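Have a look at the picture first, then read on.

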Amino acid sequence: MQINSTQHLSPSRSTRIFARVESPPLIILIPAGLVALAMALPLAYLIVRAFGASSEAWELLFRVRTAQILGRSALLVVTVTGASLAIATPLAWLTTRTDMPFRRTLSVLTALPLVVPSYVGAFLAISALGPKGLLQQMLSPIGVESLPEIYGLPGAAITLTLLSYPYTLLTVRAAFRNLDPSLDESARLLGHGSWSTFFRMTLPQLKPAMAAGSLLVALYTLSDFGAVSLMRYETFTWAIFQQYQSAFDRSIAAVLSLVLVLFAVLILMGDGFVASKGRFYRTGSGSARATNAVRLGRWRWPAVAFCVAAVVAALGMPTAVLGYWLVKGVSAGEPLTLVWSATLNSLYVSLMAAVAATVLAVPVAALAVRHPGHLSRLFERVSHTGYALPGIVVALALVFFGSRLVQPIYQTVWVLVFAYVVLFLPAALGSFRSSLMQVSPKIEEAARCLGHGRISVMLSITAPLTRSGLLMGGALVFLVTMKELPATLILGPLGFSTLASRIWSASSEAFFAQAAAPALMLIFISSVPLAILMIRDRSRQ
Amino acid sequence: MNEAVLQCVGVTKSFGDFVAVRDVTFDVSRGEIVAILGSSGCGKTTVLRLIAGLERPDAGQILIRGEVASTPQRQTPPDKRGIGMVVQEYALFPHMTVRQNVAFGLNNLSNDQKKGRVAEVMSLVRLENLQDRYPHELSGGQQQRIALARTMAPRPSAVLLDEPFSNIDAGLRSEVRRDVEEILRVNDIAAVLVTHDRDEAFAIADRVAVMSDGELHQVDTPEAVYHLPSSKRVAQMTATCDFIEGVVLQDGTVDTEAGILAYDTHSSDIKPGSSVELVIHPDDFGIDENESGAMIVQAREFRGDATVLVIALPSGATLRCRQDSHCAITSGRRVDLILNRPGPFAAFSV
């Protein structure tokens, strides 16, 4: 359900590029249709299951408890989204438009919490700030007997905010970089002061990016399972998992899942409402000029302090606590060998998911970009289903589907990888789509006129020019698959443990020392693709 | 010499409800340069894309070297047509060096042959020493010539050029244009060039095809479309001009405010007694200061290399007259018109 930010940012270029009008060739149309069909499968099956559910299951839906769960989920989503926006917008401004010291370093560091999975963040928060946690142990000599309660909404909200604000940060930062400085300058020349200019010119232009980032955060929060479960905050994902594990009637889980999907769709529609008003891209044709950095003056060091505080809370503290547990675990004789097999398993499924999602994204994106029409739009929309589907929902749908209809591959790695692809195909699609849009069809046509056939042009022109988009998409899918928890837990074959599932099983029983080594490994491996993404992003500036 | 390399016969193309190209018929002979002149959005680029095989016609057909290449039912794919195209943005492959770009269309040759041909066309465009550069390291004019070299390399039987000079600095444009023309002439290649700039069309083309709203209005030599346009529309597109009304006399001249003038026309329904409009170009009349003249200088515009005077006729109609830069006549003076034009004026019925 996490997704790359780029697809929301690139303003539609299709208006300028003359798309070929001839009907799409079957060689693209058929694969794209098959991908769309496969991506629609989990949701379709979930709907079938939910409507075939017993009447008791539906009655359950209208009980007070369901309303409470709904309320808690909504409260969490609103809190986390708002808090992320409040942290990310100033961070984005400080790291792009000011003369703050250590701007470059801080701009990388502030985005890094992206690699920390929510369940890792949560277990670290609990072990540090929870009852009998590290902080309390440190404070007890000076007479502090108890800390404010961490479990419940505060813990879940703080953890999720600190780990998800980078989504908003990255989108808003990109918007800051794309702002046309001449608009701000015109506002100043028309007699608006810097505050008035910021609120009346800059901020309104950032609205779409803020909405896009908030959408990512809201969906991330809604679909989060790890942090809310560890923090014992009973939201939808938690309730669904409980029903799945304990109830005889699994269709209750299906019904609850469907409500969760509706919730996600509602959030998506809200975003469309905000983003569709007005046009928000550079109007002039002049080249992008670098903006003059805002001089912070005596506010320089408070600004640095603010950024450092965010980095310390979201990155420094977790790392320190993790280090503490690692040392404690190793000195207590915790076997590190177990981590290696889990690491290999994680790498294996994540690589498979990355390759599969990248390959499957090609026909869908090619159809959407080069042959726009009703059918290609439909295929593209359907292929984005995973965007609105929380991992736990996809996993459940595949459990139903697998145990009933495709018994032979149920409980194999294939179903797990399929779930990852459904969830994360949108990331690969967005990345490849935007790189394909950079390749003018005129270039392909020029190659055709030089005597090369369709396939030859694809291999010698289109493929090399879109390679970076494919790689970026793959890296993103790899990154989010490494962190994915609920689908891994539910669909992983018996005895197949990944880093995520090992961290989960250890931390859900408060064996924090056991969770430390795999968590560190997971963060380390996820940082590699993120580093590649950020380096590429910077080299394009 | 006069064999047609390209023939468009009644070609029509619509996008949805919008008819981009309507019933277009023209042909291009070997070694001939035809310029399609029209404002943006008139369908001229679509004509090129149809000839290249990038679009399929809804009606009519396109023949290449006498063979049917496009019909609404079937068409030869662009890679099998042997036609080169240079687009406005040049569409150089950004991930390939200049050498690789130019060699891209030579896939049937051996490596040695490729090398030889690349060197040949690179010297043709006089950029032999840039072979290892990447497109983004070249200037606009150089990119333009590389695009042309790439197109010429596979020895196409015809070349299509879409606004080839519009992205080049005005100062360099005429030089690059002469280079391109020379390359096309030396290789005896049929070429169709699309432009919105009439000076460009006149300078390079053997024939000019005047196009608006998807239709070809007139295909003729530059002199003919300028001096004897087939319609008022063509006159406005090919020249700065004014119109004066008059009545056709028995002897085949026209009686106007500016005098009795000879006329010629494409239309068959102009007879003695009919009212017509004549096309007047700024260089058709000279002027003479005369205090009892019937015309008044209404405005004066100094342009550096010329002075344009706006002359008001007694009826209130105005004509523009181009004088040399030393012309000292100021506005408000009374003048006479002196006929400069040796030939007849183009006439349309009113």
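Into which domains is chain A divided? Domain 1 of chain A is pieced together from 1–10 + 26–52 + 336–541, and domain 2 of chain A from 72–181 + 207–276 + 296–329. The bounds come from an automatic or database domain assignment.

A quick word on the ground rules. This is a predicted model, where local features need pLDDT of at least 70, side-chain atom pairs count only at pLDDT 80 or more, and totals for chains, interfaces and linings use all residues. Residues are numbered from 1 along each chain as its sequence is written, chains are lettered from A and ligands numbered from 1 in the order in which they are written, and side-chain values use heavy atoms, with hydrogens and water left out.

**Inside chain A**

The centres of the two domains of chain A, taken over C-alpha atoms, lie 23 Å apart. Here 50 residues of domain 1 of chain A are in contact with 50 residues of domain 2 of chain A, contact being heavy atoms within 4.5 Å. Between these domains the rule finds zero salt bridges; a salt bridge would be a side-chain nitrogen of Lys or Arg within 4 Å of a carboxyl oxygen of Asp or Glu. There are two residue pairs in polar contact, with both residues at pLDDT 80 or more. That term covers a pair of N or O atoms within 3.5 Å; within protein, one must be able to donate a hydrogen and the other to accept it, and residues adjacent in sequence count only if both atoms are side-chain atoms.

Which element gives the most to the side of domain 1 of chain A that touches domain 2 of chain A? That's α24(A), with 15 residues. (Helices are DSSP runs of H or I with at least four residues, strands are runs of E with at least two, and both are numbered from the N terminus.) By class, this side of domain 1 of chain A has 37 nonpolar, eight polar and five charged residues. For this sorting, Ala, Val, Leu, Ile, Met, Phe, Trp, Tyr, Cys and Pro count as nonpolar, Asp, Glu, Lys and Arg as charged, and the others, Gly among them, as polar.

The size of an interface is often given as the accessible area lost when the parts come together. Buried area is the accessible area (1.4 Å probe) that two parts lose on being put together, summed over both.

| Interface | Buried area | Share on carbon and sulfur atoms |
|---|---|---|
| Domain 1 and domain 2 of chain A | about 4400 Å² | 81% |
| Chain B and chain A | about 1900 Å² | 66% |
| Domain 1 and domain 2 of chain B | about 940 Å² | 57% |

**Inside chain B**

Chain B splits into domain 1 (4–234) and domain 2 (240–349), with 38 Å between their centres, taken over C-alpha atoms. B:Tyr226, B:Leu228 and B:Lys232 supply 57% of the area that domain 1 of chain B buries against domain 2 of chain B, more than any other three residues. The rule finds one salt bridge across this interface. B:Lys232 and B:Glu277 meet in a salt bridge through their side chains (3.2 Å, N to O).

**Where the chains meet**

The contact between the chains takes 24 residues from chain B and 19 residues from chain A. Three salt bridges are counted between the chains, and A:Lys442 pairs with B:Glu89 in a salt bridge (3.8 Å, N to O). On the side of chain B that touches chain A, α1 (44–52), β6 (83–86) and α4 (140–152) of chain B are the elements that give two or more residues.
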